[in-house]
Amino acid sequence: MLQLRKLTKTYKTGDQALKAIDLDVPKGQVLALIGPSGAGKSTMIRCINRLVEPTSGEALLDGVDLTKLGAGALRRARREMGMIFQEYALVERLTVMENVLSGRLGYVGFWRSFLRRYPQSDTDEAFRLLDRVGLLHMADKRADELSGGQRQRVGICRALIQNPKLLLVDEPTASLDPKTSRQIMRLITELCRERDLAAIINIHDVALAQMFVPRVVGLRFGEIVYDGLPTGLTPDKLTEIYGEEDWEATIEKVEDEDETEAAE
Amino acid sequence: MPVFERDDTQIWRRRTTRENMIRWFGWLAGLVVFAWCWQIISASTTWFFVWDAPRIANDIWTRATPPRWEYITQLGRPIWDTLNIATLGTIIALFLAVPVAFLAAQNTTPSKLLIRPLALLIIVSTRSINSLIWALLLIAIIGPGVFAGVIAIAIRSVGFCAKLLYEAIEEIDHSQVEAITATGGSRWQVMAYGIVPQILPAFAGIAVFRWDINIRESTVLGLVGAGGIGLQLSASLNVLAWPQVSLILIVILVAVIISEWVSAKVRGAII
């Protein structure tokens with residue numbers, strides 16, 4: 001469904017953030033993108049919905065090359081791609097409900113959105129989603145009153161109400177505690193399964209990625225150095241992605257956590 | 001940070017000896033310049049008037065007290081005009097300042113090479129000329145009266161409001177803008193959802209702050225004939241009616257205190 005063909009991004013400073021990335025994501029597949037800071041994870045997902053303009057290459061969503069779209073067509077294409085952010089990126093001074101409904105901005109006209117006159121079907125869906133993530137009672141709270149985990153749930157609702165084919169998820173758990181991180185990851189993967197959504201999840205917590213996703217892609221210096229099952233991430237592979245470190249502990253820890261997870 | 005060893009202990013000083021000397025000479029030079037300036041000012045001062053000042057001040061004080069309280073009946077209308085000049089001027093200024101601010105902010109300007117310098121020029125030019133001078137110019141163009149005062153205040157405030165507002169726009173959290181862009185929102189929707197909610201508190205703060213300043217500025221506009229209580233002040237000064245002058249000053253003081261109180265309340269309510 002999503003195909004990246006030699007996608008390249010060179011920043012003005014001359015830094016090559018992405019070096020001819022080739023990647024295929026089939027419909028409904030959730031994959032984790034791991035790699036050290038500065039490996040180009042964030043740049044890669046931003047090049048797909050063109051919050052960052054790629055320098056060359058193609059990004060095909062259902063056969064449409066996103067990199068060549070004009071302003072209007074790009075807006076319509078962005079509706080198909082929901083995005084979830086590291087620091088939630090909610091509009092802090094708007095209510096939870098307004099934040100969720102803002103996911104429909106690509107579908108409603110300016111005045112309707114300005115006057116908050118969203119179609120009834122949109123508000124119905126917003127309530128349904130808030131109920132699904134357990135925040136229905138918070139609908140009228142201002143976003144800055146919520147805790148980190150709650151904000152990220154609102155962010156998830158905002159992405160899903162777009163009715164996307166693909167989720168682009170940028171470090172969803174980096175600002176959250178370990179327990180909330182797992183809950184959020186579980187919620188994202190569950191929702192993707194329910195809706196048969198594909199997702200690219202940037203994440204630097206290897207253990208967390210291994211726990212929840214069926215496919216892991218490792219990025220280093222803008223190149224894919226690993227693509228396969230989470231179980232295939234041996235210490236050698238992790239060294240290749242992140243550099244020299246004692247990886248045994250990380251991998252053992254995952255198994256331990258899996259057991260406690262099962263026990264819960 | 002110099003560190004040197006003496007008797008096997010490491011001694012730390014904030015500055016090296018050389019840096020200390022440079023600083024010492026810097027202060028000495030400052031002192032010399034101050035003394036020199038003092039001499040020049042002293043030489044060109046007519047000291048007779050300075051020694052005479054307490055006597056004259058005392059003389060004016062005795063003439064000005066008590067204030068002529070019954071004159072207050074004639075001041076209601078002018079102080080109302082003054083308030084209106086300040087309020088209307090501020091409102092007009094805000095309407096003009098918002099687009100200028102969006103054109104001037106680095107992250108929202110449509111063109112950094114052409115439009116941004118133009119917007120900055122508007123900001124600098126309106127800010128650099130005092131409202132009293134704007135009023136003088138406008139009286140020549142549109143005649144004396146309250147209207148000239150309103151426009152003078154409005155023009156003078158545009159730059160101030162636009163400058164503070166565009167700084168607020170430049171300081172917004174970019175990720176919220178990104179998030180709204182990523183939903184497929186149009187340029188205007190990104191502005192309404194991603195930017196405006198973030199700058200609204202700053203906008204309200206700027207509005208009341210400028211209104212507060214404008215009340216003080218509009219009290220003197222009458223001195224050049226642009227309406228308000230300044231007209232009464234200048235008339236009273238011209239005929240040396242000191243008890244009236246003192247009453248006008250009291251009225252202005254009260255108006256300013258009230259406006260400060262209101263703007264403090266409003267700002268408190270926003271934050």
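This is a predicted model: local features need pLDDT of at least 70, side-chain atom pairs count only at pLDDT 80 or more; totals for chains, interfaces and linings use all residues.
## Pairing in the sheet of chain A

Two strands count as paired if DSSP finds at least two bridges between them. Strand 9, residues 215-220, and strand 10 of chain A pair in the antiparallel sense, with five bridges between them. Here A:R220 sits opposite A:E223 of strand 10 of chain A.

Zooming out, the sheet is an open one: six strands of chain A in the order 6-7-8-3-9-10, with mixed pairing. Strand 6 (81-84) and strand 10 (223-228) of chain A are its edges, each pairing on one side only. On average, neighbouring strands are turned by 20 degrees against each other, direction ignored.

## A helix on the sheet

Helix 6 of chain A, residues 148-160, packs on this sheet, where it touches strand 6 and strand 7 (166-170) of chain A. The direction of helix 6 of chain A makes about 170 degrees with that of strand 6 of chain A.

## Two helices in chain B

Now over to chain B. Helix 3 (residues 76-104) and helix 4 (residues 115-128) of chain B have axes that come within 8 Å and cross at roughly 135 degrees, so helix 3 of chain B counts as oblique to helix 4 of chain B. The crossing is left-handed.

Who meets whom? From helix 3 of chain B come B:V100, B:L103 and B:A104; from helix 4 of chain B come B:I115, B:R116, B:A119, B:L120, B:I122 and B:I123. The residues of this contact split into eight nonpolar, one charged and no polar.

Technical notes
Residues are numbered from 1 along each chain as its sequence is written. Chains are lettered from A and ligands numbered from 1 in the order in which they are written. Helices (H or I, at least four residues) and strands (E, at least two) are DSSP runs, numbered from the N terminus. Axes are lines fitted to C-alpha atoms, for helices over the stretch in contact, and angles run from 0 to 180 degrees between N-to-C directions. Two residues are in contact if their C-beta atoms, placed from the backbone, lie within 7 Å. Angles under 35 degrees count as roughly parallel, over 145 as roughly antiparallel, 65 to 115 as roughly perpendicular and the rest as oblique. A crossing is left-handed if the near helix is turned anticlockwise from the far one by less than a right angle, and right-handed if clockwise. Ala, Val, Leu, Ile, Met, Phe, Trp, Tyr, Cys and Pro count as nonpolar, Asp, Glu, Lys and Arg as charged, and the others, Gly among them, as polar.
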